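Here is a short briefing for a reader with the coordinates at hand. Start with the view below, then take the topics in turn.

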Amino acid sequence: MAESSTQVRPGGRSAKVRAAVHRAVAELLAEEEAETLTLPAVAARAGVHPTTLYRRWGSTAQLLNDVATSRFTDDLVVPDSGSLEGDLQRWLADVATDVADPDTLALMRATIGSGPAGGCACVEDRHRQLGAIIRREQERGGAALDVESAADFLLGPLYYRAVFTAEPASADWARTLVSTYLATLRTS
């Protein structure tokens, strides 16, 4: 089957079905291992016919990507404390708190495990948020930082701990990570 993008239709029944399907995915991931998630199981929980899911999403991976993209888009407010350090510390502490949530973590692990696009669905908006913080710092007259390098230093360890260890990062650990990142920038 050729790759297809998620069909989005505005309002009405379509929006209700999408919300019910997203809710069903979250509930099933909270109850069971991600490997048991199937489109027919999601359809049954959402109260829709499996054909609806196959027509709109095509595969479990595409459905998980849509749920993750919806979940992680605009979920955090980009702080404006007046300083780069304050903005990064508050933002990364919020991200750490978010990814430590068991339901969020289950969705992340399932989405990442569903295929190469899964990781992008989980971090795409985080990169946009980080880019906004860095652009604001440049507008204040601060250093021109590279978003990708900042993401590697800040998000990499945080997501590693969340996904691959039994101890997700705490908000305090995230703030320390920001301090270490900024100290590294000052010395280089």
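Predicted model: local features only at pLDDT ≥ 70, side-chain atom pairs only at ≥ 80, totals over all residues.

The protein has nine helices and zero strands. Its C-alpha trace spans about 60 × 35 × 30 Å along the principal axes.

**Overall fold**

- Read along the sequence, the pattern is α-α-α-α-α-α-α-α-α.
- The protein has 188 residues, and 40% of them count as buried.
- Its accessible surface comes to about 9,800 Å². Carbon and sulfur atoms account for 54% of that surface.
- Take the contacts between residues at least 6 apart in sequence: 68% of these join residues at least 24 apart.

**Helix 5 against helix 9**

- Helix 5 covers residues 84-100, and helix 9 covers residues 171-187.
- The two helices pack at an angle of about 145°. Their axes are 8 Å apart.
- The crossing of helix 5 past helix 9 is right-handed.
- On the helix 5 side, the contact is made by Leu84, Glu85, Leu88, Gln89, Leu92, Ala93, Ala96 and Thr97.
- Helix 9 contributes Ala171, Ala174, Arg175, Leu177, Val178, Ser179, Tyr181 and Leu182.
- By class, this contact of helix 5 with helix 9 has 11 nonpolar, three polar and two charged residues.

**Aromatic pairs**

- A search of the whole structure finds two aromatic pairs.
- Phe153 and Tyr181 form a tilted pair. Their ring centres are 5.1 Å apart, with 45° between the planes.
- Phe153 lies in helix 8 (residues 147-164) and Tyr181 in helix 9, so this pair ties together parts that are 28 residues apart in sequence.
- Tyr160 counts as partly exposed, at 48% relative accessibility.

- Thr51 lies in helix 3, which covers residues 50-56.
- Thr51 is partly exposed, with a relative accessible area of 43%.
- Thr51 and Pro40 are 11 residues apart in sequence. Their C-alpha atoms are 8.6 Å apart in space.
- Glu124 belongs to helix 7, which covers residues 116-139.
- Glu124 is partly exposed, with a relative accessible area of 41%.
- Glu124 and Thr69 are 55 residues apart along the chain. Their C-alpha atoms are separated by 8.0 Å.

How values were computed: Residues numbered from 1 in each chain as written. Heavy atoms only, no water. Axes fitted to C-alpha atoms, helices over the stretch in contact; angles between N-to-C directions. Helix = DSSP H or I, 4+ residues; strand = E, 2+ residues; numbered from the N terminus. Left-handed = near helix turned anticlockwise from the far one by under 90°. Contact = heavy atoms within 4.5 Å. Nonpolar A, V, L, I, M, F, W, Y, C, P; charged D, E, K, R; others polar. Buried < 20%, exposed > 50% of the residue type's maximum accessible area, 1.4 Å probe, protein only. Areas by Shrake-Rupley, 256 points an atom, 1.4 Å probe, with all protein chains shown as cover. Phe/Tyr/Trp six-rings, centres within 6.5 Å; stacked < 30°, edge-to-face > 60°.
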